[in-house]
Amino acid sequence: MDVDAGERRSRVVLGVAGGIAAYKACEVLRGLTESGCDVTVVPTAAALNFVGAATWSALSGRPVATDVWQDAHRVPHVRLGQEADVIVVAPATADLLARATHGIADDLLTNVLLTARCPVILAPAMHTEMWEHPATRRNVALLRERGMLVLDPADGRLTGTDSGKGRLPQPAAIVAAALDILRRQPTDDLRGLRIAISSGGTREAWDPVRFIGNHSSGRQGVELARTALARGAHVTLVAAHMDVDPPAGVDVVRVTSAADLERAMMAIAAQSDVVVMAAAVADFRPVPESTKVKKDDSGSGVTLDLERTSDILAGLVAARTGAAPFIVGFAAETAADAAELLALGKSKLARKGCDLLVVNDVAADAVFGSPENAVVILGADGSQVALPRQAKAGISDGIWDAVAARVRG
Ligand code: CTP
């Protein structure tokens, strides 16, 4: 299927770093050109040791950009990055990932990555030890946090007789990831919609000093807000406690407790087309003390009486008239396996009565505070879409795809 960016063919930069998997990038190049993309290949000097410029140029049908100083009058290090619709780096070596993380621009490819304003896909390939090294893990986490799509390497035979995690992902999967992004952008399928998103974790006061809170960082809600804004929506973010800043361009309403959040959401929902409850809301709150609870000399502890808070999501569903607003809930579950996760999600969807429920497994550090997540989106219509582990921005786009398909018919 051809992909085009409006009236013109999509422009792809294919960066190739210096690893043995460079030969597989020829297949990635083929897949992209056969899908109707104009591809400019930018190999690093090391990559040219594996596959020469003549091969890249013959397969792409275009000159190969290898050097910042070549055609300097056309300023290729700026132009290529600015004009690309998507950049794919395959293979992305440990060295390339490190340079990209730290903004080092010592060759044409890393210059292009710094000037890019388009989506970037990095397809790593390296030895298992390098992939597992804390430096690489940290680099990958940072790149993902910044919104780059870093694919997971495949398991299998490596350069020599050894095998393990670190093989370049299948070329077809790399091409599919690029085409997916090209088909999606630019999109304004949420234009004109008023969307309210709750985010972060509520804090329930016990006394003037202490509160009960939770681990929510607000990252998923913030990414939902950012991506909805990019797709044309008017966004109000109802922010409980968050570790991250709200994106520029959204209206922000700050709240602290579940009761504050309930009041804010009820008021905003009445004027919204879509409501997303991404906040982690306390289910119980202490009966607050007006003065600080003091310890005495006996060494005895205290017993905290907790009362139930309202279920805001269920309240929003009960309060709506007709089909508006469209309501999306989240489900934070700890499950033994995927089947149990799904069963818990389905029963929560039935209990809450919302239109979509985004189910995630919050065991260990997999979700709270993490830049990534993996979810299953359950629809009241019986639909079920799994989004594999990826940056929360990608998860957000998947959620908006599901919302747009239903709200826009
Ligand atoms: N939620 C809410 N009000 C609450 C608790 C949760 O609106 N008092 C919303 C959350 O924002 C989320 C959904 O309900 O969209 C599910 O939250 P979750 O914590 O997964 O489930 P609970 O409803 O708290 O149920 P349980 O603790 O039994 O799993």
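Aspartate 381 is exposed, with a relative accessible area of 55% (buried, under 20%; exposed, over 50%; partly exposed, in between; 1.4 Å probe, protein chains only). The model is predicted: local features require pLDDT of at least 70 and side-chain atom pairs pLDDT 80 or more, whereas totals for chains, interfaces and linings use all residues. Residues are numbered from 1 along each chain as its sequence is written, and side-chain values use heavy atoms, without hydrogens and water.

Aspartate 381 and arginine 406 meet through their side chains in a salt bridge, at 3.2 Å from N to O (a side-chain nitrogen of Lys or Arg within 4 Å of a carboxyl oxygen of Asp or Glu). This pair links distant parts of the chain, 25 residues apart: arginine 406 sits in helix H13 (residues 392–407), aspartate 381 in the loop between E20 and E21. Helices (H or I, at least four residues) and strands (E, at least two) are DSSP runs, numbered from the N terminus. Arginine 406 is partly exposed, at 30% relative accessibility.

The salt-bridge count comes to 23. Arginine 389 pairs with glutamate 372, with the closest N and O atoms 3.1 Å apart. Arginine 389 lies in strand E21 and glutamate 372 in strand E20, so the bridge ties together parts 17 residues apart in sequence. Glutamate 372 is buried, at 10% relative accessible area. Arginine 389 is partly exposed, at 42%. A further salt bridge joins glutamate 307 to arginine 285, at 2.9 Å between the closest N and O atoms. Glutamate 307 belongs to strand E17 (residues 306–308) and arginine 285 to strand E16 (residues 284–286), so parts 22 residues apart in sequence are tied together. Asp95, Arg99, Asp106 and Asp107 form a network of salt bridges.

Eight strands build an open sheet of mixed pairing, in the order E14-E13-E10-E15-E18-E19-E20-E21 (two strands pair if DSSP finds at least two bridges between them). Strand E14 (251–254) and strand E21 (384–391) stand at the edges, each with a single partner strand, so one side of each lacks a neighbour in the sheet. Strand E10 (residues 194–199) runs parallel to strand E13 (residues 234–239) over six bridges. Within this pair, isoleucine 195 stands opposite valine 235 in E13. Helix H12 (residues 338–352) packs on the sheet and touches strand E18 (326–333), strand E19 (356–361), strand E20 (372–379) and E21 (contact means heavy atoms within 4.5 Å).

Note on methods
Axes fitted to C-alpha atoms, helices over the stretch in contact; angles between N-to-C directions.
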